[in-house]
Amino acid sequence: MPEPIANEPVIDGRRAKGERRRRALIEATLRVVERDGAAGVTHRTVAREAELPTAAATYHFESADALLTAALTSAMEMDAERVRQLTEAPVDGPGEAGARGDKRRMLARLMAGSLEDRGLLLAEFELFLLAARRPELRPQTRRWYESLAGFARLYTRDPMRIKLFTRAYDGLLLQALLADDPPTAEDFEAALWELLPDEG
């Protein structure tokens, strides 16, 4: 049996510390984007927000663009995973949204819940706009839309209806951010039933 490498725990500890710092910097980037927009993201501003030295930001991310790319990827993957979990959950189970019954109702509750953290939602739309100007960031947004399309396929195989749903979803949330009285879960559910009615 091979002898354990003497410094292996130290290496693992450094790797874990590095991953914690990297995660803290990504979360700080989202907060900076929420507050100041994508233009406010620099190594210095993100490090200050994360309460880390600027050198930590430059070590983990070679540029402000790299910070923004990591933040966009993180936000989109988190949201896409929520939708994927909901899509795959048993219809009678609690699901990711904490509701029971029809998955359109469950998704509507998830949408309403996302309005409770307006900052994250604002940051995500800011990053969407950045991806519109930066083609290299678009693969992350495509994965997000693929997760929405997977949900839509629970109800329809019509490509046009699937496309309509994936485009309308973000539009509903953007309009909700602009509303003086944000829509309720019931409001979102009514819209989802119009977008994805029972076929046949």
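Tutor: Happy to! Let's start with Glu 189, which, beyond its neighbours within four places in sequence, is in contact with Arg 105 and Ala 108. Please keep in mind as we go that this is a predicted model. Glu 189 sits in helix α9, which spans residues 185-195. Is Glu 189 buried or exposed? Its relative accessibility is 14%, and buried means under 20%, so Glu 189 counts as buried.

Now step along to Leu 107. Once its neighbours within four places in sequence are set aside, Leu 107 is in contact with Leu 86, Phe 151, Phe 165, Tyr 169 and Leu 192. The largest nonpolar core has 58 residues, and within it Leu 107 and Phe 165 touch the most other members. Helix α4, residues 64-88, supplies the largest share of this core, with 10 residues. As a general point, nonpolar side chains in soluble globular proteins tend to be buried together.

The crossing in which α4 passes α6 is left-handed. On the α4 side, the contact is made by Leu 68, Ala 71, Leu 72, Ala 75, Met 76, Met 78 and Asp 79. On the α6 side, the residues are Leu 120, Glu 124, Leu 127, Phe 128, Leu 130 and Ala 131. Sorted by type, the residues of this contact are 11 nonpolar, two charged and no polar.

One more stop is Leu 174, in helix α8 (residues 159-178). With 37% relative accessibility, Leu 174 counts as partly exposed. Leu 174 and Leu 122 are 52 residues apart along the chain, and their C-alpha atoms are separated by 8.6 Å.

Finally, zoom out to the whole protein. Of the 200 residues in the protein, 42% are buried. If you take the contacts between residues at least 6 apart in sequence, 62% of them join residues at least 24 apart.

Conventions
Residues are numbered from 1 along each chain as its sequence is written. This is a predicted model: local features need pLDDT of at least 70, side-chain atom pairs count only at pLDDT 80 or more; totals for chains, interfaces and linings use all residues. Side-chain values use heavy atoms; hydrogens and water are left out. A nonpolar core is a set of buried Ala, Val, Leu, Ile, Met, Phe, Trp, Tyr and Cys residues joined through side-chain atoms within 4.5 Å. Buried means under 20% relative accessible area, exposed over 50%, partly exposed in between (1.4 Å probe, protein chains only). Helices (H or I, at least four residues) and strands (E, at least two) are DSSP runs, numbered from the N terminus. Contact means heavy atoms within 4.5 Å. A crossing is left-handed if the near helix is turned anticlockwise from the far one by less than a right angle, and right-handed if clockwise. Ala, Val, Leu, Ile, Met, Phe, Trp, Tyr, Cys and Pro count as nonpolar, Asp, Glu, Lys and Arg as charged, and the others, Gly among them, as polar.
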